[in-house]
Amino acid sequence: MAATLEHTGLDIQKIREEFPILHQEVNGKPLIYFDNAATNQKPQRVIDALVHHYQKDNANIHRGIHTLAERSTSAFEATRKAVQEFINANEAEEIIFTKGTSESINLVASSFGRKFLNEGDEVLISAMEHHSNIVPWQMICEERGATLKVMPINREGDIILEEVDALLSEKTKLVAFNHASNSLGTVNPVKELIGKAKAVGAKVLVDGAQATSHLTVDVQALGVDFYAFSAHKMYGPTGLGVLYGKRDILEKMPPYQGGGEMIKDVSFGKTTYNDIPYKFEAGTPDIGNVIAFKAAIEFVNELGKENIAAYEHQLLTHATAELEKIEGVRIIGTAKEKVSVVSFEVEGIHHFDLGMWLDAKGVAVRTGHHCTQPLMDFYCIEGTARASFSVYNTIEEIDAFVIALKDTISKFK
Ligand code: 7TS
């Protein structure tokens, strides 16, 4: 461990102290939380920010001139600014708050799709998408008479880039793929894919749900049109997400939902819409969670994405090496570049059984298809067990998990 700490400049034990949830026993064993790709845990400062908001500042935003309304509004907009800086967007107005990655993608499918997708047009996604980046496109393609196409992947879990060009044409209106895969861990060659999409004039949406807590994201350097992510996968609260969109495209898109806040003027004859981002934020948003999210961004910024990535890479390398040593274990997803996600199956043991036995030993892993059923079909499996790591996880936890796994396997022999 000492070498690890020196190498990354992070004091993992100190970081762990910030996460109250980690310090408990589950089923009589110290909790080992390896389900971070589903949602990761919240540092005390995020919990405190939420409590502070409800104890001191709670009021609806953008509507009142009283002191609490002003405090709430300025804290809410401060998070928008923090998000802008976090992903290096050109303007804070390009940041839209949503319920999560799923809603961000649905917003684009619904609004961009209704305006710009027509009969015969195409949307291109990849074979490793989460259902959230498949189903909204299927729905809008069906509605608009467009066709959904799929970029293939190889056995390692990389998109086969040589086959992408043949799938792109002037019919392609939008290309959508994840920055990192939740089931395989693959980090996709985002810049290269964007270059290919732009060459045929297609817009690009990147699903960053699994990227923002691990990788540096610079939307301007990437040249991406839309970038979607969730707060809860980067130490922030649940029920909150972000959609980044380039101003010129967002301005051309119709509202997603109607209601308060998204209007300029309403009469029974005609309604005019508000400017971005408010045009896309109908109704009272999740004010408390938006405000608390700023503390999560500060947490990540303080540690530094490069330090986090370097440390998590060591966790990934160690876990991969240890799992490879166990007879009967097959790792699903062996791309060269991965975030800290290891999916695996064990010969002769159903992943649900693995999950239950590991839970009995205090280890939380996710089991199932991870909302990527077409991807599981590609590997001819029903699902996997998945261990995914955040910055508060340790090499010692991985070693304890490996012992628990070996013990579980021996019970089935
Ligand atoms: N896209 C990816 C790549 C994801 O991993 C997830 C959630 C989503 C979209 C949807 O995010 P949400 O916040 O709107 O739900 N992934 C997972 C997972 O792997 N296990 O639970 C949720």
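This is a predicted model: local features need pLDDT of at least 70, side-chain atom pairs count only at pLDDT 80 or more; totals for chains, interfaces and linings use all residues.
The account begins with helix 4 (residues 67–86) and helix 10 (residues 287–303), whose axes lie 8 Å apart and meet at an angle of about 40 degrees. Helix 4 and helix 10 are therefore oblique to each other, and the crossing is left-handed. On the side of helix 4, the contact involves Ser72, Ala75, Phe76, Ala78, Thr79, Ala82, Val83 and Phe86; these meet Ile287, Val290, Ile291, Phe293, Lys294, Ile297, Val300 and Asn301 of helix 10. Sorted by class, the residues of this contact comprise twelve nonpolar, three polar and one charged.

Helix 12 contributes Leu354, Trp357 and Leu358 to the contact, while helix 14 contributes Phe401, Ala404, Leu405, Thr408 and Lys411. Six of the residues in this contact are nonpolar, one is polar and one is charged.

Attention now turns to the ligand. There are 16 residues around the ligand, of which Ser102, Asp207, Ser230, Arg366 and Arg386 come nearest. The side chain of Gln210 places an N or O atom 2.7 Å from a ligand oxygen, and a polar side-chain atom of Asn182 lies 2.9 Å from an oxygen atom of the ligand. Thr101 takes part through its backbone, with an N or O atom 3.4 Å from a ligand oxygen.

Methods. Residues are numbered from 1 along each chain as its sequence is written. Side-chain values use heavy atoms; hydrogens and water are left out. Contact means heavy atoms within 4.5 Å. Helices (H or I, at least four residues) and strands (E, at least two) are DSSP runs, numbered from the N terminus. Ala, Val, Leu, Ile, Met, Phe, Trp, Tyr, Cys and Pro count as nonpolar, Asp, Glu, Lys and Arg as charged, and the others, Gly among them, as polar. A residue is near a molecule or strand if one of its heavy atoms lies within 4 Å of it. A polar contact is a pair of N or O atoms within 3.5 Å; within protein, one must be able to donate a hydrogen and the other to accept it, and residues adjacent in sequence count only if both atoms are side-chain atoms. Axes are lines fitted to C-alpha atoms, for helices over the stretch in contact, and angles run from 0 to 180 degrees between N-to-C directions. Angles under 35 degrees count as roughly parallel, over 145 as roughly antiparallel, 65 to 115 as roughly perpendicular and the rest as oblique. A crossing is left-handed if the near helix is turned anticlockwise from the far one by less than a right angle, and right-handed if clockwise.
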